[in-house]
Amino acid sequence: MTLSRTTAGVYAIAPTPFAPDGSVDHASLDRLVDFYGEVGVDGLTVLGQLGEAPKLDQDEAVEIARRVIERADVPVVVGVSAPGFAAMRSLTAAVMDAGAAGVMIAPPNTLRTDDQVVGYYAGAADAIGEGTPFVIQDYPLTFSVQMSPGTIARIARDNPGAVMLKHEDWPGLEKITALRDLEAKGEMPRLSVLTGNGGLFLDYEMERGADGAMTGYCFPDLLVDVVRMSRAGEREAAHDLFDAHLPLMRYEQQPGVGLAVRKYVLQRRGVLASDAQRSPSRGLTPTARAEVDHLLRRLARHDARAAF
C-alpha cells in the first residue's frame, strides 16, 4: 500500500504515547493503532511534529514506525524530516523496508527563496530514492517557509515521487483553489491534497478540492464523518456536525498546549494510559483541564462520542 497522487480520506496524525517516566508506552501505542482502525481512518502518519519526533532517538523512531506498520491495517506514512539528508536517507530506508506507504518531508526553516525550496526538495528526493513516494509538508506557521502554488507546482513537476501535499497554510483556502486550477490547466501534475491545522477548516477545504485530512484532532471519527458527508454531497449535515466540534478544535489548536489537550482527551477516551509528554514539555494546568472537560460536556449534547 503506497501513496499516490489520488490518495484520499483521513490520515490520522498519531501522537507518541509516553509513560510518566518518559519511556515509550508500547501498550498504549498498540491501543492507539487499534482505535484509529475502529473509527475508520484511511491511513496513519507517525513521527510528525505532534508525534514528538525530535524527542526520539533514531532507534526509537524506527521501532515505533515498525510497530505501527505491523499492527495497522491501513497505509502508514512516516515523518523523516531531519537537519541533514544522511539521517533522512537512513530513516527512510528503514521504514520503507518495514512497509511504510511513503514518507513526509518538511522544509528546514533556513529556506527563503522559491529556488531554495525547490532545490531542497530535489535534494531530499534524491536522498530518499526515486521510488519512494513523499508528502510535501506546507506549514509556514511552524516552519516559517512560504511555498506559493507555483513553487509547489515546480516541486511536483520535477519530482515524480512528490505525490501528496499536506496543506497547512493559513489562510489557505485560496491556495487549494489555485493548485486545482493549475492542475486543470495542465501546468502541474495532480497532487493528493490532505489538510492539517487540527481540522479547523476541513469543512470548506473539502469544498475547495481537498481529498481529505492529515491531522491529529482528538476525535478522528469526526474527521472521517466530515470527509464522508462532504463526498456524499451532505453539505449541511457535514457543517452541522463540524460546527459542534469547532470549540474543542479551536482549543486544541492553541500553540504550545495543543498536544497536551489532544493527549488528555485521548486519555479520557480510554486510548492512552497517560497524557504524558517527553521532556521538555508543557502540560495542562488544572484550570485548563477543567475547561477541556467543560468543552467535552458541551460537545456531548450534540455528539454522544464525547459522553465518556
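This is a predicted model: local features need pLDDT of at least 70, side-chain atom pairs count only at pLDDT 80 or more; totals for chains, interfaces and linings use all residues.
Figure 1. Another cis bond runs from W170 to P171, with omega near 0 degrees, and P171 is found in the loop between strand 6 and helix 7. As background to this view, most peptide bonds are trans.

Figure 2. Most residues other than glycine have a negative phi. L47, although not a glycine, has a positive phi of about 65 degrees; it lies in the loop between strand 2 (43–46) and helix 2, where its relative accessibility of 6% makes it count as buried. N197, likewise not a glycine, has a positive phi of about 55 degrees and lies in the loop between strand 7 and helix 8. At 1% relative accessibility, N197 counts as buried.

**Figure 3. Helix 7 and the elements that cover its buried side.** Helix 7, residues 173–184, is made of twelve residues and reaches 17 Å from its first C-alpha to its last, which is close to the 16 Å expected at 1.5 Å a residue. The buried residues in helix 7 are K175, I176, L179, R180, L182 and E183. Because they cover an arc of only 155 degrees around the axis, they are placed on the same side of helix 7. The cover over these buried residues includes strand 5 (134–138), helix 6 (149–158), strand 6 (162–167), strand 7 (192–195) and helix 8 (202–208), whereas the face of helix 7 turned away from its buried side carries the exposed residues E174 and A184. Following helix 7 comes G186, whose phi is positive, near 75 degrees.

Figure 4. I176 is found in helix 7 and is buried, with a relative accessible area of 1%. When residues up to four places away in sequence are not counted, I176 touches H167, T195, E205, R208, G209 and A210. The C-alpha atoms of I176 and P149 are separated by 8.3 Å, although these residues are 27 apart along the chain.

Figure 5. E60 has its place in helix 2 (residues 58–71) and has a relative accessible area of 18%, so it is buried by the criterion of under 20%. Leaving aside neighbours within four places in sequence, E60 is in contact with V24, K55 and R278. S23 lies in the loop between strand 1 (9–13) and helix 1 (26–39) and, at 32% relative accessibility, counts as partly exposed. With its neighbours within four places in sequence again left aside, S23 is in contact with P17, F18 and R278.

Figure 6. I105 and the nonpolar cores. The largest nonpolar core has 98 residues, and those with the most contacts inside it are L44, I105 and F219. Apart from this core lies another, of eleven residues, among them L3, Y11, V135 and L194. Leaving aside neighbours within four places in sequence, the residues in contact with I105 are V80, S81, M88, Y120, Y121, A124, I128, F134, V135, I136 and Q137. The whole chain, as the setting for the close-up views. The secondary structure of the chain comes to twelve helices and eight strands. Its radius of gyration is 18 Å, close to the 19 Å that the globule rule gives for 308 residues, so the chain is as compact as a globular protein of that length. Along its principal axes, the C-alpha trace spans about 50 × 45 × 35 Å. Of the 308 residues in the chain, 58% are buried, and the accessible surface comes to about 12700 Å², of which 50% belongs to carbon and sulfur atoms. Among contacts between residues at least 6 apart in sequence, 73% join residues at least 24 apart.

Technical notes:
Residues are numbered from 1 along each chain as its sequence is written. Side-chain values use heavy atoms; hydrogens and water are left out. A nonpolar core is a set of buried Ala, Val, Leu, Ile, Met, Phe, Trp, Tyr and Cys residues joined through side-chain atoms within 4.5 Å. Buried means under 20% relative accessible area, exposed over 50%, partly exposed in between (1.4 Å probe, protein chains only). Contact means heavy atoms within 4.5 Å. Helices (H or I, at least four residues) and strands (E, at least two) are DSSP runs, numbered from the N terminus. The expected span of a helix is 1.5 Å times one less than its number of residues. The arc is that of the directions from the helix axis to the C-beta atoms. The radius of gyration is taken over C-alpha atoms; the globule rule is 2.2 Å times the number of residues to the power 0.38. Accessible areas come from the Shrake-Rupley method with a 1.4 Å probe; for residues, only the protein chains shown count as cover.
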